[in-house]
Amino acid sequence: MLTETEMNSSLILLEDCEKLKQEFLNLKEPRDIAALLDITYDRLIYHIYGVPDSKKYLEFKVPKKSGQMRKISAPSTALKIIQRKLSQVLYSVYDPKASVHGFIPSRSILTNAKPHLRKRFVLNIDLKDFFDSIHFGRVRGIFMAPPYNLPQDVSRVLAQICCFSRKLPQGAPTSPVVSNMICARLDSQLRLLAKEHHCTFTRYADDITFSTTLPVFPQRLAYINSDLKEDEEKVVLGGSLVSVVRENGFEINWKKVRLQHRSHHQEVTGITVNQFPNVKRKFIREISMMLHIWDKYGLESARKRHLELISEALKISEEEVSDFREKLRGKINFLGMVRGKNDSIYLKYLGWYCSLSSRERSS
């Protein structure tokens, strides 16, 4: 339970980034962490050690695009406030490389895709069980190691704030920036590997992409095994690339490895990159269909149809399905982000959506 002081406390720290960075690097003992996060030491220790695990986090599942389920571990309100403050500190400390686009302010899946526009080859690699593979020891280790060099007991408490069930929880405010800090060495090594082979490299969370305009993709990075039948075509990754990933504590999801030539559909973090940033035709058809159903049958009928179709397709309860209207608006916003706010298709669908919304309000 939150104390009155905690209920009235700010959710953010008011110091500037440089001051937060210096205070973080000067941490000498666990009590200094409490002072940095503007909370009493007793309350900090209580929330990370005294509260039972069952009350620290709410665990639930949400559907992935693949149809599988992703487990989310959402921290309790008190712990979330502590993690938000620590996240602010860590963002002040972490210096992202230009090739990193996930969980970075002003960067997105769009900025991650743009460096790979109009390339002859695009190689996509996915890291398996990304957050689950970042365990307590690794988190504690990054705080103890250069460039932070924090004492062991300080690093242990910081890792305890960030971890749940001895690993990085997907759903905690600290997890995105901590995952990037963990990947700093991986990013540097992959960037050097890309430079050596005249490729462009980016990473968005667990999605790694290499691309090049070379006439032949560098075989030391990847190649197609032509000995297999056409329907068994398989991408073979170079040993140096696989070694870098494994030496940094990650495994490759071999089902999601793709080497795409420009004569075929090229995609990076869900965005088509053959000529200009774009979405799949299927995505645009889905928006059109949702608007048409709303227009013809009304919002409530459209919501009901959406609930039935999605819950059946993903094998989830109707309570777990996102609201039809929110889903549609999100799709239209995404279309505008990718194709641009002046795009004719985006403006057409946005206008249609606004017209239907006005009709609902007047009815």
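Before reading off any pairs, I noted that two strands pair if DSSP finds at least two bridges between them. Helices (H or I, at least four residues) and strands (E, at least two) are DSSP runs, numbered from the N terminus. This is a predicted model, where local features need pLDDT of at least 70, side-chain atom pairs count only at pLDDT 80 or more, and totals for chains, interfaces and linings use all residues. Residues are numbered from 1 along each chain as its sequence is written, and side-chain values use heavy atoms, with hydrogens and water left out.

Sheet first. I found an open sheet of four strands, ordered E4-E5-E3-E8, with antiparallel pairing. E4 (200-204) and E8 (258-261) are the edge strands, each pairing on one side only.

Next I checked E3 (residues 121-126) against E5 (residues 207-212): they run antiparallel and are joined by six bridges. Phenylalanine 121 sits opposite threonine 212 in E5, and isoleucine 125 faces isoleucine 208 in E5.

On to E4 and E5, which pair in the antiparallel sense over five bridges. Phenylalanine 201 has phenylalanine 210 in E5 as its bridge partner. The two strands form a hairpin with two residues between them, and alanine 205 in the turn has a positive phi of about 55 degrees.

How enclosed is E5? Five of its six residues are buried, so E5 is largely enclosed by the rest of the structure; buried means under 20% relative accessible area (exposed is over 50%, partly exposed in between; 1.4 Å probe, protein chains only).

Last, I looked up helix H8 (residues 136-144): its buried residues are Phe136, Arg138, Val139, Ile142 and Phe143.
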